[in-house]
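Thanks, everyone. I have one structure today, and I will keep this short. Please look at the screen.

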Amino acid sequence: MGFITTTPEEINKNVFKTIGRQWMLISAGDEEKMNTMTASWGGLGVLWNKNVCFTFIRDSRYTLEFIDSKDYFSLSFFGGEHMDELVFCGRNSGRNTDKLKETGLTAVYDLEAPYFEQAEMVMICKKLYKQKMNAESFIDKTLVDKNYTDNDWHEFIVGEIVKVLKKG
């Protein structure tokens, strides 16, 4: 079953469940070299009069190198049937593991942003903003102690949703 193009306004998924519990793959790169990682933090909304996503990627993640080097990235959503693959992509680094080979996921490319044939829904996003998080900006300092004891800070990335694909 192929994908059909839709709009961000037609997304009718519960983002708290879809992102927070079912997770997503954030991917960037091109047909020569790409990487993907599992994420359960992020959101969707409107900012600067644009439909946007926001994601958080730790400095140590290999995928961040691909996000930094490209203008586009994708968010792939699978539902619950691919949790083993998402767990694998979250626990293993693409620096030393071929995630596609190990999981059986099939990458497809659009606007130079890879996504996955097995996904239920995909968002192709154009980078708009990126900023490194830091301890000084936290109002609730307990979050620093809970999430950043190793100083592996997240980069906060805002992307304009330029295309939404869903299984047809």
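First, a caution. This is a predicted model.

Let's start with the whole protein. It has five helices and 10 strands. The C-alpha atoms fill a box of roughly 45 × 40 × 30 Å along the principal axes. What about the radius of gyration? For 168 residues, a compact globule would come out near 15 Å, and the protein has 15 Å, so the two agree. Of those 168 residues, 40% count as buried.

Now the contacts. Take those with a sequence separation of 6 or more: residues 24 or more positions apart account for 73% of them.

Next, helix H2, residues 62–69. Which of its residues are buried? Tyr62, Thr63, Leu64, Phe66 and Ile67 are. And what do they pack against? The list is made of strands: S2 (24–29), S3 (34–39), S5 (50–58), S6 (72–77), S9 and S10 (154–167).

Stay with strand S3 for a moment. Thr36 lies there. Buried or exposed? With a relative accessible area of 1%, Thr36 falls under the 20% cut-off, so Thr36 counts as buried. The Thr36 side chain makes a polar contact with the side chain of Ser27, at 2.7 Å. Set aside neighbours within four places in sequence, and Thr36 touches Leu25, Ile26, Ser27, Thr63, Cys89, Lys99 and Phe116. Note Thr63 in that list. That is one of the buried residues of H2.

On to strand S9, residues 121–132, and to Leu128 within it. Leu128 has a relative accessible area of 35%. That lies between 20% and 50%, so Leu128 is called partly exposed. Leu128 also belongs to a nonpolar surface patch, along with Leu47, Trp48 and Tyr129. Together, the four have about 350 Å² of accessible area.

Last stop: Glu10. Where is it? Glu10 sits in the loop between strand S1 (3–6) and helix H1 (15–20). The side chain of Glu10 makes a polar contact with the side chain of Thr6, at 3.0 Å. Now look at Val164. In sequence, Glu10 and Val164 are 154 residues apart. In space, C-alpha to C-alpha, the pair is 9.1 Å apart.

Thr36 is buried in S3. Leu128 is partly exposed and part of the nonpolar patch. Glu10 is in the loop between S1 and H1.

That's it from me. Over to you.

Note on methods
Residues are numbered from 1 along each chain as its sequence is written. This is a predicted model: local features need pLDDT of at least 70, side-chain atom pairs count only at pLDDT 80 or more; totals for chains, interfaces and linings use all residues. Side-chain values use heavy atoms; hydrogens and water are left out. Patches are made of residues with over 30% relative accessible area and no salt bridge: like charges are joined within 9 Å, nonpolar side chains (Val, Leu, Ile, Met, Phe, Trp, Tyr) within 5 Å. Accessible areas come from the Shrake-Rupley method with a 1.4 Å probe; for residues, only the protein chains shown count as cover. A salt bridge is a side-chain nitrogen of Lys or Arg within 4 Å of a carboxyl oxygen of Asp or Glu. Helices (H or I, at least four residues) and strands (E, at least two) are DSSP runs, numbered from the N terminus. Buried means under 20% relative accessible area, exposed over 50%, partly exposed in between (1.4 Å probe, protein chains only). The radius of gyration is taken over C-alpha atoms; the globule rule is 2.2 Å times the number of residues to the power 0.38. Contact means heavy atoms within 4.5 Å. A polar contact is a pair of N or O atoms within 3.5 Å; within protein, one must be able to donate a hydrogen and the other to accept it, and residues adjacent in sequence count only if both atoms are side-chain atoms.
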